[in-house]
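The following paragraphs lead the reader through selected features of a structure. Please keep the coordinates at hand while reading.

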Amino acid sequence: MALSTSLRSNLIKPLTALTALSSTHHLRSPFSSSADDTTVLTIETSVPFIGHRCEPPSRNVETTPKEVLGFFRDMALMRRMEIASDSLYKSKLIRGFCHLYDGQEAVAVGMEAAITRRDCIITAYRDHCIYLGRGGTLFECFSELMGRQSGCSKGKGGSMHFYKKENGFYGGHGIVGAQIPLGCGLAFAQKYSKDETVTFAMYGDGAANQGQLFEALNMAALWDLPAILVCENNHYGMGTAEWRAAKSPAYYKRGDYVPGLKVDGMDVLAVKQACRFAKEHALKNGPIILEMDTYRYHGHSMSDPGSTYRTRDEISGVRQERDAIERVRKLILSHELSTEAELKSIEKEIRGQVDDAIARAKESPMPDPSELFTNVYVKGFGIEVAGADRKEVRGVLP
Amino acid sequence: MLGIVSRKVLGQSLGRIRPAVWALRNYSSAEKQMTVRDALNSALDEEMSADPKVFLMGEEVGEYQGAYKISKGLLEKYGPERVLDTPITEAGFTGIGVGAAYYGLKPVVEFMTFNFSMQAIDHIINSAAKSNYMSAGQISVPIVFRGPNGAAAGVGAQHSQCYAAWYGSCPGLKVLSPYSSEDARGLLKAAIRDPDPVIFLENELLYGESFPISAEVLDSSFCLPIGKAKIEREGRDVTITAFSKMVGFALKAADILAKDGISAEIINLRSIRPLDTPTINASVRKTNRLVTVEEGFPQHGVGAEICMAVVEESFGYLDAPVERIAGADVPMPYAANLERMAVPQIEDIVRAAKRACYRSTAMAATA
């Protein structure tokens, strides 16, 4: 299949590099690869990038064994977290809306590999894994999902409203499309402050038709803002397939005068390459659109079975042919960066971490009733506020 | 003209369809039950059948059968020209709907929740509500905007707001909010037939609730008047006004109050704009005490308007200050315990009613 032939064609380079730099028994002692940060591997992406009004970057991506193993671990952790959240929702420990990201992990992980925590990311409601990628912990995730005070938003936000401002993660937004102008605003502020950083504003194919996207993009282009619009095209806007919602589903071209790049969103190295390219571009030339061709295994949310508008064959087909984690697993094994057994042990360790975080989150307390009235304002002037019965429950906004 | 003719033959043309009948849950002769969901579905079905100018547009209303299954079966029955799945672009499709109404069609625009109507509010207010006035009657807008309003369960700050007060303050709009299945059927039919823009505020948590329903309500010509409230329960000691889900809470509160010898009169507003101030005032003149109940934010709320309307007309009849029960003055929190505090509960209504009747010992303590 495509991966192995391209590997074989490129295998000569990395193999000689490996034997030149390390001990003769390197290839047979996989445990040393896990810390190997110096060996440079050059891996070809699954498919070439397609550019719109720009010269696409090279298909050959540089990486290290440590980075690749890190990709595996990070994506496997995200996958396991989302699957565990499914069970928690079904046992009613998570309430309201719950939009799961499993299938799309390569976008979150590849992006992080290309940027710093001073760059900003903003996304919509499918935000659990982005939060994790930005340095959030499993415990904070599960606590927030279960509405506990140890949650990243102290239990007041819920699934759709995770934030980590100190690490450049600005949420977590419930209204489709709203995060795009907000992201352009972050980019505006970055340029205004001369920070030399960029913002990745993420959205789905459903949001790609929103008018506010085009309004904000126009201004970002006029003012050369370092804004990178990332369309996570999982091909369905809730229950509506892209061809039923968009006259032109070539989202990377929808910026018209704004350059764009089409990327295989299931290939973490391609995502990394594209984001690195986009950051360089945005700092010099203003906005660019990245379309990540990806897929979600779950329905739109936990209230959507995800099988009334697409076939089970399609879902299992993508899982078999394009799964991001399996791709990296094959890469690791074929390059002998680790063994099957070690990878399985990593997965087992991850399962333990997730179970442990859930157990701790389940035990942690609900927010104190006084939290009902906190954080309405930064500066509340001591004004009085009321609960449902203003003569029974009162508060003061500090 | 065509509309009136088709209404006269309604009974015959719908004889073979009878959607309301096969939506019934049980066939005992004693009492028929119908869920609010089926009530809305049957009303849409009947009105679309009666008037070819009526069409439905919104996200997932067609192939998905409706995000909350309110439009189930309609695409199959009426086809893609009359049941349109829109992209997720509220400002755009609301504008398109209003434009179609300018031309004389009768759109029913669904918002998946009214929170998303904020993306389209310019068209609702500036393009729909004000047009008939600005054009001195030339451009009327026979459109219905419908969808779930208010809090659901655990959906957080951006998905829980009640828009009754905002839309209720705007001249040119009519604003309805059903509670029971009878309300749902009668008010939606009235809204679709009405020549003005109507905001139709449903409630997600009520969709699955069943209510008894009479043969009269099941008839396809059934319609409720806009601007008339319903006295759900008669009483002598205190008037409690509510709409939508809170009507159910108020009725339960009335049961609890009755055990303490307080007879509460429960008014189901049904219509936020026009507000049925004659019915409210007549009730307050009888009971002399008033508690207003709503889910939305308190400031500038429906209760504030009702209080002023009563002060203006019936001040001399009030024996106690008007009590107001509303949502907490904070964005809706997610955590279950905080959410419970942010939305009115039955005990809040009971407590306020007792205070209005001077039966609360807590009041003596604070005095």
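In this predicted model, the charged end of A:Arg319 is placed over the ring of A:Tyr297, at 4.0 Å from the ring centre.

Over all chains, the count comes to 15 aromatic pairs. One of them is formed by A:Tyr131 and A:Phe162, an edge-to-face pair with 5.3 Å from centre to centre and 80° between the planes. The edge-to-face label applies because the angle between the planes is over 60 degrees. This pair links distant parts of the chain: A:Tyr131 belongs to helix H4 (residues 128-133) of chain A, whereas A:Phe162 lies in the loop between helix H5 (138-145) and helix H6 (179-192) of chain A, and the two are 31 residues apart. Both A:Tyr131 and A:Phe162 are buried.

A:Phe188 and A:Tyr192 form an aromatic pair that is tilted, with 5.9 Å between the centres and 35° between the planes. Because these two residues are four residues apart in helix H6 of chain A, about one helical turn separates A:Phe188 from A:Tyr192. As for accessibility, A:Phe188 counts as partly exposed because its relative accessibility is 38%, while A:Tyr192 has a relative accessible area of 66% and is therefore exposed.

In chain B, the aromatic residues B:Phe93, B:Phe111, B:Phe114, B:Phe145, B:Tyr163, B:Trp166 and B:Tyr167 form one cluster.

At the level of domains, the assignment for chain A gives domain 1 (47-367) and domain 2 (370-397). The C-alpha centres of domain 1 of chain A and domain 2 of chain A lie 36 Å apart.

The discussion now turns to sheet and helices in chain B. An open sheet is formed by five strands in the order E9-E11-E10-E13-E14 (chain B), with mixed pairing. Strand E9 (230-233) and strand E14 (323-325) of chain B stand at the edges; each has a single partner strand, so one side of each is left without a neighbour in the sheet. On average, neighbouring strands of this sheet are turned by 25° against each other, direction ignored. Strand E10 (residues 238-242) of chain B pairs with strand E13 (residues 290-293) of chain B in the parallel sense, over three bridges. B:Thr239 stands opposite B:Leu290 in E13(B).

Helix H13 (residues 277-287) of chain B contains B:Thr279. With a relative accessible area of 14%, B:Thr279 is buried, because buried means under 20% relative accessible area. Which residues does B:Thr279 contact, leaving aside its neighbours within four places in sequence? These are B:Lys228, B:Ala229, B:Ile231 and B:Ile267.

Helix H16 (residues 346-356) of chain B is largely enclosed by the rest of the structure, because eight of its 11 residues are buried. The buried residues of H16(B) are B:Ile346, B:Asp348, B:Ile349, B:Val350, B:Ala352, B:Ala353, B:Arg355 and B:Ala356. B:Tyr358, which follows H16(B), has a positive phi, near 55°.

Key. Residues numbered from 1 in each chain as written. Chains lettered and ligands numbered in written order. Predicted model: local features only at pLDDT ≥ 70, side-chain atom pairs only at ≥ 80, totals over all residues. Heavy atoms only, no water. Phe/Tyr/Trp six-rings, centres within 6.5 Å; stacked < 30°, edge-to-face > 60°. Buried < 20%, exposed > 50% of the residue type's maximum accessible area, 1.4 Å probe, protein only. Lys NZ or Arg CZ within 6 Å of the ring centre and 35° of its normal. Domains from an automatic or database assignment. Contact = heavy atoms within 4.5 Å. Pairing = 2+ DSSP bridges. Axes fitted to C-alpha atoms, helices over the stretch in contact; angles between N-to-C directions.
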